[in-house]
Structures are given as C-alpha cells and as structure tokens.
Amino acid sequence: MIKNCPRCERLPEAPPETGVLYLAPPINETMEALESYLSKAEMIFSHDTPGVFAIQYGQGDLERFCKEFLCNVSHLEMQDTKTMILAQGYEPTVKDFIGMQQLSSLVARLQGSWLINLLQEERLTAFFQPIVQVAQPDVAYGYECLSRGIDSAGAYIAPNKLFGVAKSADLLFNLDRACRLAVIREASFHGIDKKLFINFNPTSIYKPEYCLKTTLAAIKKAGIPSEQVVFEVVESEDVGDTEHLTRILDYYRNRGFKVALDDMGAGYSSLNLLSKLKPDYMKLDIELIRHVDKDLYKAKITENLLQLARDLNVLSIAEGVETIDEWNWIKSHRADFVQGYLFAKPAPIPPAPRIL
C-alpha cells in the first residue's frame with residue numbers, strides 16, 4: 001500500500017515561542033555586528049562554541065530580531081550563515097550542528113508565518129477563466145483553474161505572492177498540493193463539466209505515486225472523469241530534470257489525464273521540453289500574443305509555433321488575448337483555442353465567455 005507523501009502534507013512546525021537560536025555567521029565583521037546588536041538589545045547570548053552564537057529568546061523576540069537585524073544582512077551572508085533553533089535546556093549534538101540550515105530559510109519562514117497559518121486554516125480558493133475554441137468563441141471549451149489565497153480580512157492574495165513566499169520559505173510542496181486540492185474542490189462545487197486545466201509545479205513533486213496520491217483521490221471523490229482534467233506544467237523554466245518531469249506526466253497519462261505545456265515561446269527551455277514531453281496542448285506565452293498583430297517579430301515567431309503545433313498534432317492555446325485585433329490575427333493564423341480578458345476575466349464563479 002502506497003502511503004501519502006509526508007513532505008507534501010506535513011506543514012513545518014512554527015518556531016517555539018521561547019528557545020535558543022544558534023547562529024554561525026561566515027565572517028568576523030558579521031559576528032561583531034551581531035554581538036553589538038545583541039548587547040544593545042539586552043538579549044542573553046553566549047558563543048562557547050567558536051564561531052557559533054547561542055541566543056536565548058522569549059515571546060516576540062524572534063520577530064523583532066528578524067526585523068531589526070537578520071533581514072538587513074546581505075544576500076550572500078543570508079546564504080552562508082547557518083542557523084538552528086532548539087528548546088531551552090537541550091544540549092546540541094554534532095548531528096544538530098551538521099543539520100543547520102541557511103539563515104535565509106529561517107528568515108523566509110518567519111516572514112512567511114502568515115502562509116503557514118493560511119495553509120493550516122485551508123484559506124485557499126479558485127478563480128476560473130474560460131478557454132474557448134477559435135471556431136466557437138462564445139462557448140467555454142474548458143476553464144483554467146487559478147489559485148487564490150484569502151487573508152485574515154477576507155481579501156484575495158495573488159498567486160505570485162503566495163508562491164514567491166512559498167519558494168523562499170521551503171513551502172512549495174505544501175502550497176502546490178493545497179492549491180490542487182482547492183481548485184478540485186471549487187470546480188466540483190460549481191459543477192463544471194468542461195475541461196479543467198489544473199496547474200502544477202513539477203519542482204514540488206518528489207515521486208508522483210506519493211506526492212499525487214491525495215490529488216487523484218480528490219478527483220475521484222469529486223466524481224470528475226479523468227478525461228476532463230488537463231494537468232498544466234507551470235514554471236517550466238525551472239525544470240532541470242526532464243526525466244523526472246516525464247515520469248510525472250507519464251503517471252498522469254497512464255491514468256487517463258491530458259497534459260499541457262505552459263509559456264511556449266518564453267525561452268529555449270520550453271521548445272526543448274516540447275520535444276521531450278510531447279504534450280497534448282501547448283499554451284503560447286502571453287508576451288508573444290500581446291500586440292502580435294502589430295509586431296512583426298512576435299507575429300513570425302507565433303506563426304511558426306502554431307504551424308509547429310499543427311505538424312506535431314498538438315492543440316494550441318493562445319493566452320492573453322485582449323483586443324479584437326489580436327483575436328482576428330490569432331483566428332486567421334488558425335490557433336485551436338484562445339484565452340484572455342477579451343472573452344472573460346478570471347472569476348470565483350466560472351464565467352461564460354463574452355459574445356464578441
């Protein structure tokens with residue numbers, strides 16, 4: 001029996017309200033500045049172990065320390081300073097010192113504590129944007145499912161903020177999984193019977209049989225047929241291990257799902273991935289589509305990509321269509337599908353495409 005992935009499902013524990021923070025700065029200048037700050041802040045510390053400060057802290061001290069000192073060191077010092085937090089009275093071992101993490105991770109975790117709370121309280125929802133066929137633009141062929149966070153006041157949090165903090169705070173596994181579950185839940189609630197394009201970041205998945213188990217269970221529980229779901233690879237420029245990504249996509253395909261490659265034309269990496277992944281859909285990058293009717297270079301690149309899609313029997317989706325002129329150009333160059341503000345903006349209730 002395959003167990004669920006603890007990396008994806010177990011949120012990191014917040015630092016204890018009281019404890020001992022160990023810091024090992026890389027250079028003497030940082031050590032001197034740290035010692036000066038701690039003395040002025042009247043924080044109790046020692047450095048019996050050469051190069052390592054043991055700093056006792058109480059409630060609220062970590063946040064203040066982070067704001068007044070830790071956040072102001074250079075990026076390189078953040079990377080090279082090692083740190084760990086232990087309970088009061090615990091004597092660290094050699095293994096503890098070997099396992100010290102980068103200061104940047106701790107700072108991100110402290111600054112992103114709101115994201116941990118958001119995930120614990122499941123304050124995620126979904127917006128939907130229709131994808132329409134070029135031949136029938138007034139009928140939704142499918143919907144891209146876009147994640148949104150909800151802050152403590154009930155306001156929406158944009159995905160770039162969510163994923164930016166998650167990446168730096170080592171919460172990408174947790175957030176990506178939670179977003180997949182949220183969009184499945186919301187799609188089921190709204191009874192969408194069109195194609196569902198669900199984003200996933202391949203760098204947030206260790207092994208598909210573990211990391212995707214809860215995602216597939218949620219789809220099955222919602223009664224959504226596998227042929228209705230298209231898993232869309234996002235952040236493709238960050239993919240370093242294409243064999244790993246291929247295994248993930250094969251896992252999806254073997255269960256009847258389709259796959260899409262996002263941001264085609266955004267760089268060489270996307271063209272390289274196209275040849276290796278052989279997706280069912282490819283989505284043309286929004287920057288290529290912007291003013292494609294006026295920009296000769298964009299027009300030529302997009303025209304060639306559309307022809308390439310036809311030659312490879314890959315369905316093409318032009319993203320970010322906002323004007324009638326862009327739409328007419330896309331239509332005349334025979335894209336299969338379009339998506340953009342011209343037809344509908346993303347919304348929490350799946351919108352019908354605007355009739356042009």
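Q: Are F231 and Y252 buried or exposed?
A: Both F231 and Y252 are buried. Buried means under 20% relative accessible area, exposed means over 50%, and partly exposed lies in between, with a 1.4 Å probe and protein chains only.

Q: Before we go on, what kind of model is this?
A: This is a predicted model, in which local features need pLDDT of at least 70, side-chain atom pairs count only at pLDDT 80 or more, and totals for chains, interfaces and linings use all residues. Residues are numbered from 1 along each chain as its sequence is written, and side-chain values use heavy atoms, with hydrogens and water left out.

Q: How many helices and strands does the protein chain have?
A: The protein chain has 16 helices and 14 strands. Helices (H or I, at least four residues) and strands (E, at least two) are DSSP runs, numbered from the N terminus.

Q: And what does the C-alpha trace span?
A: Along its principal axes, the trace of the protein chain spans about 75 × 50 × 40 Å. Of the 356 residues in the chain, 49% are buried.

Q: Back to F231 and Y252: how are their rings arranged?
A: A pair of aromatic rings is described by the distance of the centres and the angle of the planes. For F231 and Y252 the centres are 3.8 Å apart and the planes are at 10°, so the pair is stacked. Rings of Phe, Tyr and Trp (its six-membered ring) pair if their centres lie within 6.5 Å; planes under 30 degrees apart count as stacked, over 60 as edge-to-face and the rest as tilted.

Q: Which elements hold those two residues?
A: F231 is in strand β10 (residues 229–233) and Y252 is in helix α12 (residues 242–253), so the pair ties together parts that are 21 residues apart in sequence.

Q: What about F231 and F257?
A: Their ring centres are 5.2 Å apart and the planes are at 75°, so this pair is edge-to-face. F257 lies in the loop between α12 and β11 (258–264), 26 residues from F231. The relative accessible area of F257 is 7%, and this residue is buried; F231 is at 0%.

Q: Which charged end sits over the ring of W114?
A: The charged end of K161 does, at 5.3 Å from the ring centre. A charge sits over a ring if NZ of Lys or CZ of Arg is within 6 Å of the ring centre and within 35 degrees of the ring normal.

Q: New topic: at what angle do helices α9 and α11 cross?
A: The axes of α9 (residues 172–189) and α11 (residues 213–222) cross at roughly 5° and come within 10 Å. That makes α9 roughly parallel to α11. Axes are lines fitted to C-alpha atoms, for helices over the stretch in contact, and angles run from 0 to 180 degrees between N-to-C directions. Angles under 35 degrees count as roughly parallel, over 145 as roughly antiparallel, 65 to 115 as roughly perpendicular and the rest as oblique.

Q: Which residues meet there?
A: R177, R180, L181, I184 and S188 in α9 meet T214, T215, A218, I219 and A222 in α11; contact means heavy atoms within 4.5 Å.

Q: Is R185 buried or partly exposed?
A: R185, which lies in α9, is partly exposed, with a relative accessible area of 39%. Leaving aside neighbours within four places in sequence, R185 is in contact with L124 and T125.
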